[in-house]
Amino acid sequence: MIKSIKIGALAIAGAIALAACGGGSSSSALVVGTDLPLQGASADASTATNNAIALYLEQVGGKAGKYTVTIKQYDDSTAAKGAWDDAQCAKNAQDHVANAAEVAVMGTYNSGCAKIEVPVLNQDPNGPMLMVSHANTNPGLTVSWDPGEPEKYYPGGTRNYARVVPNDIWQGTADGQFVFQEMKKTKCAVLNDNQTYGQGIAKAFADEFAKQGGTVVVNEAWDAKQTSYTALFQKIKAAGADCVFFGGIYDNNGGTLMKDSVAVLGDNKAFFKMAPDGFSGYPDLQGMPQAEGLYLSFAGKSLDGMVKGGGAAGKFVTDYKTKYGVDPASSYSIYGASAMQVILKAIAASDGTRKGVTAALLGGTSPVCLTDAESITGVGFCIDPKTGDVDKKSVTIQTMTGGKETDLKVWDVQ
Amino acid sequence: MAETTKAAAPAHTENSNKKWAIGFLTVVLAIYAINKFYIPTAPAQVKTFFNAWFSLTSMGEIMIYILMALGLNIVVGYAGLLDLGYVAFWALGGYVAGWLMSGQFDQWQINFFGNPPAGLPNGIHLNFLLVLVLGGVFTAIWGVIIGAPTLRLKSDYLALVTLGFGEIIPQIMVNGEDIGGFNLTNGTKGINPVDNIKLFGHEFGPFQLADKFLIYASLAGLMIFFSLRLRDGRLGRAWLAIREDELAASMMGVPLMRTKLASYAVGATAGGVGGVAFATLIGGVYAERFNFQVSIIILSMVVLGGMGNVWGVLVGATLLAWVNNTGLVQFGNIINSATGKNIDFPSFNFLIFGVLLILMMLYRREGFLPEARVRLIMHEEEFSDVAVVTDDIEVEGVHHHEHN
């Protein structure tokens with residue numbers, strides 16, 4: 001018995017010693033947490049984002065003004081779910097606050113996770129603690145959307161959240177403008193996949209399309225569990241539509257949807273079809289003959305566009321490939337580095353406290369801006385100190401040509 | 001042989017129950033005291049260590065898992081009804097918290113000793129204790145509604161139907177955003193934030209974790225108490241009788257339907273209370289959480305720990321919940337930093353889990369801490385062949401009698 005207690009005590013002592021290795025911080029050494037789903041479907045994108053951030057930090061010598069900055073990686077997914085997990089997000093939020101050296105968080109990837117973490121970081125007694133996301137596009141986090149949004153995420157009364165990608169309103173809005181003005185379509189059928197992202201983007205598209213002067217002839221959800229959508233497209237055909245917008249993600253039975261739409265309405269040359277970035281980056285879709293000619297859009301710039309644009313973005317992507325041997329998995333990884341730039345800029349302008357870092361970015365009157373030359377995405381932007389939204393609302397329009405997503409143009413929301 | 005165990009059991013079990021109860025209480029109070037009084041002023045290394053290995057969020061989660069595993073134990077362990085859809089009750093309880101403790105129904109403005117966030121009075125905001133009770137009652141009613149038609153089924157068929165309900169209820173939550181224009185569940189967006197707990201003038205927000213842990217631990221403690229008391233009572237003995245032999249039990253005058261329904265209702269209540277507690281732990285309710293795997297994990301806690309034995313289930317729930325939310329990641333980190341490799345340990349979760357289950361089934365089918373009765377049944381073959389043979393004959397005799 002006594003022996004086993006001794007062994008137990010030794011084990012605990014050993015574990016303390018191991019855990020202690022990571023400790024030790026002075027006031028000028030600050031930590032920024034990254035909060036990403038490192039397991040499951042988004043694992044590759046998240047790893048690439050962490051890599052891009054590490055590379056960027058290395059390039060600037062780990063410095064933000066007079067402060068030394070290091071990264072601490074958090075995982076907001078669990079193996080059991082293979083995706084972000086609500087309990088893990090809640091725990092991470094508390095861990096960010098508990099880690100005394102940590103001053104800001106880069107993340108999250110999923111809007112749902114941000115909605116759990118932002119209120120907790122907001123109530124931090126030494127905060128509020130800043131979070132800057134590279135990928136959340138749900139509008140409700142920053143602007144009035146669902147009832148109580150966004151105020152309910154900021155119980156402390158001040159903002160502590162910003163993002164470097166335009167929210168779904170702007171992508172849907174850009175798509176609505178593009179379809180009406182450029183493609184000259186007047187009767188659109190708007191579909192959504194009944195999920196947060198799909199509903200948001202479909203609503204924004206429908207609103208803007210109607211505002212431009214078009215008519216939304218069908219506005220419905222598609223059921224991801226259905227085996228055929230023939231009836232749905234018959235209905236759209238009967239309604240006299242000349243365009244279809246798929247507001248949703250490809251995972252929700254997008255393949256069947258695509259095939260049935262072509263079977264009923266004709267191919268994409270004959271009948272205009274468009275999908276947001278929820279359909280981007282899927283090899284299955286790219287290889288599908290029915291997807292040829294499909295219009296796609298993407299919040300911000302595509303990886304392709306960044307590389308071709310040269311400048312800071314082109315160089316960074318090349319550096320990334322040199323260091324890691326592969327291309328970054330998606331442009332979200334570059335936006336991760338971009339969010340890190342914003343955080344570093346806020347840290348440099350602050351007194352090194354959580355409260356100070358947040359105040360440097362949000363709540364003031366003069367916005368934090370990055371010039372075209374500075375910005376790692378190649379396009380300069382400012383963060384609105386009131387909402388935390390980015391002011392550069394560029395949306396990339398692409399077409400599926402020869403099984404590849406090809407940039408058509410960048411649409412700036414008017 | 002049966003008589004000897006019967007005679008020895010009461011005094012022995014009571015004694016061991018007391019020991020376990022004191023043990024549970026000591027551990028809970030120790031965790032509370034360490035986190036409340038020691039950690040805030042402790043050196044950074046100690047803080048980091050505790051946060052990595054025994055963070056209060058995961059401790060709170062473990063308490064809620066104990067509560068729910070004990071609820072399922074009543075259905076599976078006591079009454080012997082295989083339930084593969086327990087997650088449905090967690091979901092229902094969670095949504096009760098979402099409906100009654102948040103701004104979800106913003107067309108109304110109700111505040112009954114609740115704790116609406118400053119400046120956002122819309123929605124229904126009831127007191128946490130009241131919501132706990134309502135959550136329990138609501139899920140108990142649903143337990144009966146679901147149970148009434150399904151409990152007439154036996155074994156595999158019952159399992160299939162519970163599986164179905166476990167799938168249907170979360171689907172309703174996912175699709176309940178627009179029920180004739182009424183937003184019941186807010187769909188996949190879920191309901192958040194759920195109000196902070198406020199009891200007797202004290203608010204327990206995201207940073208009063210030690211106090212929140214104590215609240216969840218008291219709920220788990222209550223469930224332990226109820227489980228133990230119920231088992232020894234009239235109802236509990238009826239459940240065990242049904243588990244051992246349904247036909248014999250009904251012959252002895254146990255009302256099958258009513259007794260089974262009671263087990264379903266009690267189990268559901270624990271799931272509902274756990275759901276409410278979990279919603280306040282993470283500050284929201286998300287439809288995506290309520291998937292089949294959760295039902296299976298809770299069932300595994302019961303099976304691994306020792307079906308029917310409260311303390312076994314407690315150990316099973318603690319161990320599995322901890323390994324899932326902390327252990328695997330931390331041990332992985334240690335192994336990775338020691339070997340310089342970069343192995344993603346949590347992704348082997350199910351492999352480890354599966355191997356563990358297979359090993360358990362091969363070498364310790366009755367679980368870590370089996371109930372005395374179950375142990376006897378599982379190890380029947382260890383008794384002499386003669387005994388087994390006579391047993392068989394006896395059983396055959398009973399069947400014969402029945403047919404006549």
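Predicted model: local features only at pLDDT ≥ 70, side-chain atom pairs only at ≥ 80, totals over all residues.
1. Where the two domains of chain A meet. Domain 1 of chain A gives eight residues to the contact, and domain 2 of chain A gives 10 residues. On the domain 1 side, five of the residues are polar and three are nonpolar.

2. Make-up and dimensions of chain B. Chain B has 15 helices and five strands. Its radius of gyration is 23 Å, close to the 22 Å from the globule rule for 404 residues, so chain B is as compact as a globular protein of that length. The C-alpha trace of chain B spans about 75 × 60 × 40 Å along its principal axes.

3. Burial and contacts in chain B. Of the 404 residues in chain B, 46% count as buried. Take the contacts in chain B with a separation of 6 or more: 75% of them join residues 24 or more positions apart.

4. F89(B). Is this residue buried or exposed? F89(B) counts as buried, because 37 C-beta neighbours lie inside 10 Å and the cut-off for burial is 20 or more. F89(B) sits in helix 4 (residues 87–100) of chain B. Leaving out neighbours within four places in sequence, its contacts are T139(B), G143(B), A268(B), G271(B), G272(B) and G275(B). As for T318(B), that residue is 229 residues from F89(B) in sequence and 20 Å from F89(B) in space, C-alpha to C-alpha.

5. A helix pair across the two chains. Two packed helices are described by the angle between their axes and the distance between the axes. Here the pair is helix 3 (residues 86–98) of chain A and helix 3 (residues 56–78) of chain B. Their axes come within 9 Å and cross at roughly 145 degrees.

6. Residues in that helix contact. Helix 3 of chain A contributes A87(A), A90(A), K91(A) and Q94(A). From helix 3 of chain B come T57(B), S58(B) and E61(B). By class, the contact has three polar, two nonpolar and two charged residues.

Terms used:
Residues numbered from 1 in each chain as written. Chains lettered and ligands numbered in written order. Contact = placed C-beta atoms within 7 Å. Nonpolar A, V, L, I, M, F, W, Y, C, P; charged D, E, K, R; others polar. Helix = DSSP H or I, 4+ residues; strand = E, 2+ residues; numbered from the N terminus. Rg over C-alpha atoms; globule rule 2.2 N^0.38 Å. Buried ≥ 20, exposed ≤ 12 C-beta atoms within 10 Å, placed from the backbone. Axes fitted to C-alpha atoms, helices over the stretch in contact; angles between N-to-C directions.
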